[in-house]
Amino acid sequence: MKRLFQRLRNRRMPNPIKVGITQLDKGLYFSLRRQGEASPLHFPLRLSIAELRSRPSTIAQLELLEELWDSGYLQEESQSYFLHYDYLYELEPEERGLLGLPETPVSLDLKLEHEGIIGTPRFRFILEKGYQDWKHLERTAKQNGPLITLPNGKLILMDEAQYKFECKLINMPDPKDKENIFAFIAEVRKHARELNIPMNSYLERQEYLFVDQIYVDLEYKDQTLHVKPKYVSDAPINEDVLDEMARQGSSYATVPNREKVFVKREIVDQAKQINRVGSITGADIPKFVQNPESFLPEIELDLAKFSERVKELGIKVYRAQPYVYAKETDRGWFDLQTGFSVVNEEGEVTRELGTDEIKELVQKARDAGEEFIEWNGQWLKIPEHADKFLAASDQLEAEIGQSKQVDISRLPYVLEIYENINQLEYNKPLLNIQQELKEKGILDKQPPALFQGTLKPFQSEGFVWMKSLHFRNIGGLLADDMGLGKTIQVIAFLAYLKSKESLRPSLIVVPKTLMDNWKKEMLKFAPDLTLSLYTHQGAERVKHPDLIKRYEIVLTTYETLVRDQLVMGQVDWQVVICDEAQKIKNPSTATARVIKALKSKCRLALTGTPVENSLSELWSIMDFVQPGLLGSLNDFRKEFIHPLEEGDQQVSEVEQRLIYKISPVYKRRTKKGELGDQLPRKHTVTEEVPLGIEQKQLYEEILSLVHNKAMLPIQAIGQLKKLCSHPGLINSTYSSLPVDDVPKLQKTLEILELIRRRGEKVLIFTEYRMMQAILKRHIMEKFNINPMIINGMTRGRQVVVDEFNAKPGFDVLILSPKAAGTGLTITAANHVIHYTRWWNPAVENQATDRAYRIGQEKDVTVYYPIVKDKEGFLSRGTVEEIVHRIINEKIELANSVIVPSNKLGIEEEVLEAMALH
């Protein structure tokens with residue numbers, strides 16, 4: 001009877017899916033069919049648990065293909081799916097392996113030969129290929145795109161640069177095309193030399209040179225800026241010849257030694273466009289210096305070279321920054337100083353101008369109808385609101401007299417006079433006015449009725465802080481720990497602005513992956529805000545500032561903002577909010593420049609990691625929220641960065657001094673400091689497990705390779721790290737090992753069983769795609785559930801998280817630490833397993849914070865299954881033991897806001913601790 005039931009169940013099971021892979025010239029074609037059926041399958045597959053369990057070996061491959069389709073890499077064509085060969089190089093090695101392709105590209109032994117004579121119809125290039133002992137693979141091997149099947153049947157993947165070079169040869173123009181063939185030959189010869197590909201003697205002695213670089217050269221004399229194209233070549237070509245060719249916008253020339261010079265077509269077009277700019281005079285000079293892209297929109301400029309050339313010519317452009325300072329002269333009495341600071345590109349104040357002096361300059365600018373005016377032989381940018389500031393200063397003097405002396409009770413009135421001036425610089429006494437804030441209700445902790453949530457005490461403090469920033473027309477950096485609810489604080493603030501009719505228009509700039517999260521959170525906590533919410537994204541987005549101004553809230557991405565900078569720059573924003581503000585950490589990027597140029601009354605930056613690579617990133621973010629507060633970047637380096645890097649002072653000393661300086665516009669709270677017993681407890685469990693038999697054998701083999709100089713130590717560490725996770729990560733033949741043979745996997749499944757019995761949810765973090773697939777397969781087999789995966793290729797992350805949070809009972813979500821590092825709230829899970837350690841405690845903490853954050857109502861348990869050398873055959877322990885120890889030593893350091901998270905990376909320390917030489 002039992003056998004009969006089993007046979008009936010088997011009959012109901014759909015036939016297994018077979019994936020067919022065909023290599024053609026342009027790419028790979030994947031066909032999906034059920035065994036024995038003619039009709040193809042289409043994505044999304046929506047397979048049942050039983051189907052997935054029936055063919056576990058195909059799970060990872062099918063999921064990868066579906067992710068490629070969902071991400072737009074796979075294109076449906078008739079009965080199959082097409083993947084262009086170029087995309088192979090964008091995949092991770094593990095992902096290529098899942099598709100049955102070589103994981104690692106290989107460099108071939110190439111030589112450039114030819115057939116026929118240049119200038120005749122028979123001429124063509126021949127690329128000879130060799131690999132190891134195989135010669136002339138161009139004749140003996142089968143090749144499709146970058147995939148080459150060797151005579152012995154082994155499949156290899158060409159190095160990307162070599163493959164692109166071969167593609168260039170394949171797309172050679174007609175040999176009879178006199179206009180293009182010679183330039184093409186020159187280009188091929190140049191690229192061959194760059195790739196160290198030898199050429200035969202005939203090609204080597206050809207007198208063809210190629211130019212494929214250009215930059216904008218400048219000459220400044222007689223108050224005129226002459227803009228000229230400058231051709232650049234790696235070959236030794238007479239500079240006068242290149243300059244003349246660039247001036248003429250020509251694509252061909254013969255130099256005195258009879259060599260022929262050809263210029264790439266796009267470079268010629270760019271030279272002609274630069275030539276059209278010609279000479280620049282008057283106020284157009286500083287406009288060009290500050291924004292050359294507006295004069296040359298189709299040319300990608302090397303701004304480093306451009307800026308160096310501007311400095312060489314001595315052209316300087318300053319901006320006038322209005323300020324109001326209050327200096328305490330006696331207890332409760334202040335002298336007011338008003339004027340303009342002259343600030344250079346690096347934020348340095350070169351001098352200060354009084355109101356009388358600036359009035360004359362402003363009038364001169366207005367008479368000329370320009371924002372830039374010539375000043376002391378240089379250029380000065382007059383801010384748009386200069387007239388308002390001068391009028392306000394006149395009003396102040398009329399009200400309080402020429403002495404400009406006031407008592408503390410009148411400082412709020414001073415702010416009120418200047419309240420409509422954008423980007424006005426105040427000093428500390430003016431930033432700490434409490435009485436006026438209280439009188440205007442700024443200090444009320446209760447959000448308006450349209451906010452449908454409850455703020456925790458520290459969130460109420462953040463809400464009040466944002467209101468006070470807006471009242472004072474200054475910016476702020478909210479650097480709360482991840483998981484403390486920065487978004488909900490901002491939404492409460494936006495609800496307040498709406499209640500005061502001061503919201504329209506406000507801008508929120510976010511990474512693309514957080515667009516859905518912001519809309520969801522607004523809908524949850526203040527649905528009225530979404531009634532006039534406009535998502536500025538996609539091909540159909542609005543391109544006129546007057547239309548954008550109609551909305552109360554505009555939500556866009558950093559990338560879209562840069563593309564639409566001219567439109568968005570014409571809007572007078574009430575508030576500009578930058579989420580994940582580490583996006584503007586580099587002051588020289590277009591993103592940072594565009595964000596800082598926006599007009600706004602108040603600016604907010606949100607980030608839990610204001611410093612990732614260098615302390616200068618904090619300066620750049622602060623330069624957005626409150627320009628001038630930290631002085632110039634050069635001053636900042638001297639005062640904070642150099643003492644820290646040179647070890648002159650302890651981290652705590654530098655941090656204390658810096659935070660004191662930025663305290664008026666900076667707020668950071670930690671979970672440990674703010675929540676205390678408000679969050680459930682967090683338990684840490686370290687589970688030590690031995691190496692499996694195969695793992696131990698492979699571990700010893702890798703160490704032997706290092707000792708015999710057959711493998712570099714840094715490569716060995718990467719391999720050992722993978723091996724500790726699962727032997728299948730370094731050798732696919734081991735991917736189907738029984739669970740008992742991989743103790744770490746076995747222990748993880750035991751932990752999951754305990755969690756299942758409690759009916760709770762768990763997050764598992766591992767960076768390896770293959771490990772994610774192995775975990776998924778074993779979890780399906782043991783628990784009869786289909787765990788979802790979030791990694792770098794997952795598009796609808798929020799949809800996956802929402803489904804996981806909503807599902808009742810036991811469930812598992814597998815994630816890459818980096819892909820899940822920002823913007824995800826997964827408080828439905830109260831267990832976290834770090835299956836593989838990310839070698840940076842800051843990144844690992846961010847991953848844990850997906851679950852251990854506000855909204856978590858249960859105790860959270862974090863598990864670290866660590867592979868330990870229990871037999872003592874390793875003198876220093878396994879790589880995981882060493883990593884675990886070093887990470888624990890750095891946890892305290894990871895809590896410092898000024899220590900760059902990249903400084904917490906431990907690769908070099910692990911290498912030293914393992915003593916692999």
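**Strand pairing, cores and ring contacts in the predicted model**

Ser 279 of S15 is the bridge partner of His 226. Strands (E, at least two residues) and helices (H or I, at least four) are DSSP runs numbered from the N terminus, and two strands are taken to pair if DSSP finds at least two bridges between them. The model is predicted, local features requiring pLDDT of at least 70 and side-chain atom pairs counting only at pLDDT 80 or more, while totals for chains, interfaces and linings use all residues. Residues are numbered from 1 along each chain as its sequence is written, and side-chain values use heavy atoms, with hydrogens and water left out.

The chain contains 37 helices and 35 strands. Of its 917 residues, 53% count as buried; the classification, made with a 1.4 Å probe on protein chains only, takes buried as under 20% relative accessible area, exposed as over 50%, and partly exposed as in between. Among the contacts (heavy atoms within 4.5 Å) with a separation of 6 or more, 66% are made by residues 24 or more positions apart.

In the first, 4 strands follow the order S1-S2-S4-S3 with antiparallel pairing. Strand S1 (17–23) and strand S3 (75–77) each have a single partner strand, so one side of each is left without a neighbour in the sheet. The twist from one strand to the next averages 30°, with axes defined as lines fitted to C-alpha atoms, for helices over the stretch in contact, and angles running from 0 to 180 degrees between N-to-C directions. Within this sheet, strand S2 (residues 27–34) and strand S4 (residues 80–84) are paired antiparallel over 4 bridges, and Gly 27 has His 84 of S4 as its bridge partner.

The other open sheet consists of 3 strands in the order S7-S8-S9, again with antiparallel pairing. Its edges are formed by strand S7 (142–144) and strand S9 (155–157), each of which pairs on one side only. The twist here averages 20° from one strand to the next. S7 is connected to strand S8 (residues 147–149) by 3 antiparallel bridges, and Gln 143 is placed opposite Ile 148 in S8.

Nonpolar cores were identified as sets of buried Ala, Val, Leu, Ile, Met, Phe, Trp, Tyr and Cys residues joined through side-chain atoms within 4.5 Å. The largest has 114 residues, of which Leu 380, Tyr 418 and Trp 518 touch the most other members. Helix H20 (residues 486–499) supplies the largest share of this core, 9 residues. When residues up to four places away in sequence are not counted, the residues touched by Leu 380 include Tyr 318, Val 342, Leu 353, Phe 372 and Trp 375. Another core, of 110 residues, lies apart from it and has Leu 112, Leu 150, Ile 886 and Val 910 among its members.

Burial was also examined for individual helices. In helix H25 (residues 590–597), the buried residues are Thr 591, Ala 592, Val 594, Ile 595 and Lys 596. Their packing partners include strand S24 (506–510), strand S28 (599–606) and helix H26 (616–625). Val 706, in helix H30 (residues 693–707), is buried with a relative accessible area of 2%. The C-alpha atoms of Val 706 and Ile 717, which are 11 residues apart along the chain, are separated by 10.0 Å.

A search of the whole structure finds 16 aromatic pairs. Rings of Phe, Tyr and Trp (its six-membered ring) pair if their centres lie within 6.5 Å, with planes under 30 degrees apart counted as stacked, over 60 as edge-to-face and the rest as tilted. The ring centres of Phe 636 and Phe 640 are 5.2 Å apart and their planes are at 45°, so the pair is tilted. Both residues lie in helix H27 (residues 633–645), 4 residues apart, about one turn of the helix, and both Phe 636 and Phe 640 are buried. Phe 43, Trp 69 and Tyr 81 form one aromatic cluster.

A charge is taken to sit over a ring if NZ of Lys or CZ of Arg is within 6 Å of the ring centre and within 35 degrees of the ring normal. The charged end of Lys 467 is placed over the ring of Tyr 496, 5.0 Å from its centre, and Lys 761 lies over the face of Phe 804 at 5.9 Å from the ring centre.
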